[in-house]
Amino acid sequence: MTTPETPRATPASAAAPAPADEPELLRAPAADVLDSTELGRFVRYVQAARGESFADYDELHRWSVTRPAEFWTSVRDFFRVRFATPEQAALPDQGMPGTRWFPGATLNYARHALDGAGAADSAPALVAYSQTRDRVELTWGELRDRVGRARAGLRRLGVGRGDRVVAYLPNLPETVVAFLATASLGAVWASCAPEFGARSVVDRFAQIEPAVLLAVPGYRYGDKDVDRGATVAEIRAALPTLRAVVCVPYGDGALPDTVGWDDLLTEPGRPDTDPVPFDHPLYVLFSSGTTGRPKAIVHGHGGILLEHLKNHALSWDLAPGDRMMWFTTTAWMMWNALVSGLLVGACPVLLDGNPLYPDPDTQWRIAAETKATLMGASPGYLMACRRAGLNPGRDHDLAALRQIGAAGSPLPAEGYQWVHEQFGDRVLLNVGSGGTDVCGGIVQGGPWQPVRAGEISGPALGVAAKAFDDDGREVVGELGELVITVPMPSMPVGFWGDTDGSRYRATYFDTYPGVWRHGDWARFAETGSCVIAGRSDATLNRGGVRLGTAEFYRVVEELPEVADSLVVHLEDPAGGNGELLLFVVPAAESALTAELRDRIVRELRGALSPRHVPDAVVAVATVPRNRTGKKLELPVKRLLLGADLADVIGPDTLADPTALDDFLTLATERSKR
């Protein structure tokens, strides 16, 4: 891989104006892309090793999904993944569900993370910023030493292969150390952010019957101190399988009757790793819980290792010595992806606290200080920076920055344009969509793909993503269900406790037998680029025509008088048109006047269609979102249809606990009609 001393070429491209009926082309792939990126190194490797050649990204992608065994074997060999026991075959059977990758192979994710693509002991491995304590930096040597000590400490607590270790921890170096130590033993990891309340944590952790819990007594969020002592006590009492609780010192206070972090690490130990089968559980990720009990999604060592090596190097263009910064909590799969920067020798930048404290410019300042080469940001954050008039490209030294990643919700075309105005062709805006279910991207960008305003560049390598209609036919140029037609290694091993696989099959494979239905509503263009129009269970069926919620938001939220919005459709049981309701949060110094209502209606009618005109436009104080920033259309819809709050959404799922208040009031009023 590229060494830190190797100069990285700056892309030089000329984006030609797009025809009026096509999205604006903001950035074309650089002419020297195959000479200046990790993807180029991979393409040259495949040509030398397999005799394959590709004229463009589309040809490379086509090969990756029509010959998946060859592609993923090439990923393994290119990144020098070491199997302790060789496999019998890469992919004996492509049938889904039940696909098995590299059966017979044994390996360990932690071995490759700790190797760091050959990183020297003296090189930086982790940099951590926090509002609770001072900046922390660990070298690779310190990381390896602490993982070895934590591994020995967990073994003293009786942790072995298959045991579950859970963490109620922020995004800290200690969290990364504990995770890698857990994985090294073949034990299974799961984590929740300390912003979650006891019931939400227990709803998740109790499913997997953990042996050890790591927790903090408190933390600081912006300028507010948060005590978590009583919450940890409640969690402990509800987890009878716990054999020990480890207290990580953070914030004020202490946790009684616990093993101290320093005590866990008191004895030196080698950072050894135990080989486990390719599909042995590495960690459990939990779904958001907005439609019922959170699903406990099990991911395996081998699948995550190959997916993240592929993604981080070939899409995000990360290499040894790079810095990867992405604000995330430990409850979101982006934390797992952030830690996997270690696999390619990159240094993760860990952030904990209020991402907008003391001001929205904070993340750009940290990116400049750490010389981040990849900065991840939520679409909401990028749009907030745009609205605030920030100029990070002018005000900060971001010369090291090569990519800005965006995920979590759709980014409007104006967000693409703002990033391009700030950084030009020098920085690639890589917008993606994937999720917890595959712990990676399904559609996203990369250095060999064009960037068009408002559109994701296309399917990721190794992902056969398409849109299907209700009859299971592929559709192009119109909305359909986002599906994956060929297996990929990071599809879940299964759901915890789902012994017969029935819940797993019902979640992904009941709609289209043998085809993964992801649950998003997508439209692919002839060029291969796509738009994610929201969750398919939140799409609006208006007179028999489905409308994507993201289309509404792109129009409404561009109005300066509107700060945020949410749209739902309430079906008519008698088969009529039902009600299309648009909720808006007026911008500061604005109000939802009759004139603004009329303007919203005109904009929706003109930009979209008469079918998009709502039956009512209602002002609310805030739009409910979960902790990763996704709008919660379905819970709002269910509330307005008469469901009880307790049956609609789990506690602590909301980023703002008061966000449903206006909707509860409206639901009560509707019930009296």
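**View A. Phe509 and Trp516, two buried aromatic residues of the predicted model.** In this predicted model, Phe509 and Trp516 are both buried. Their ring centres lie 6.0 Å apart with the planes at 85°, so the pair is edge-to-face.

**View B. The aromatic pair of Phe42 and Phe71.** The structure holds 31 aromatic pairs. Phe42 and Phe71 are both buried.

**View C. The aromatic cluster that includes Phe42 and Phe71.** Phe42 and Phe71 belong to one aromatic cluster.

View D. Helix H16 spans residues 413-423, and eight of its 11 residues are buried, so the helix is largely enclosed by the rest of the structure. The buried positions are Ala413, Glu414, Gly415, Tyr416, Trp418, Val419, Gln422 and Phe423. An α-helix has 3.6 residues a turn, so residues three or four places apart point the same way. After H16 comes Gly424, which has a positive phi near 65°.

**View E. A lysine charge over a tyrosine ring.** The charged end of Lys631 is placed over the ring of Tyr553. It lies 3.4 Å from the centre of that ring.

Conventions. Residues numbered from 1 in each chain as written. Predicted model: local features only at pLDDT ≥ 70, side-chain atom pairs only at ≥ 80, totals over all residues. Heavy atoms only, no water. Buried < 20%, exposed > 50% of the residue type's maximum accessible area, 1.4 Å probe, protein only. Helix = DSSP H or I, 4+ residues; strand = E, 2+ residues; numbered from the N terminus. Phe/Tyr/Trp six-rings, centres within 6.5 Å; stacked < 30°, edge-to-face > 60°. Lys NZ or Arg CZ within 6 Å of the ring centre and 35° of its normal.
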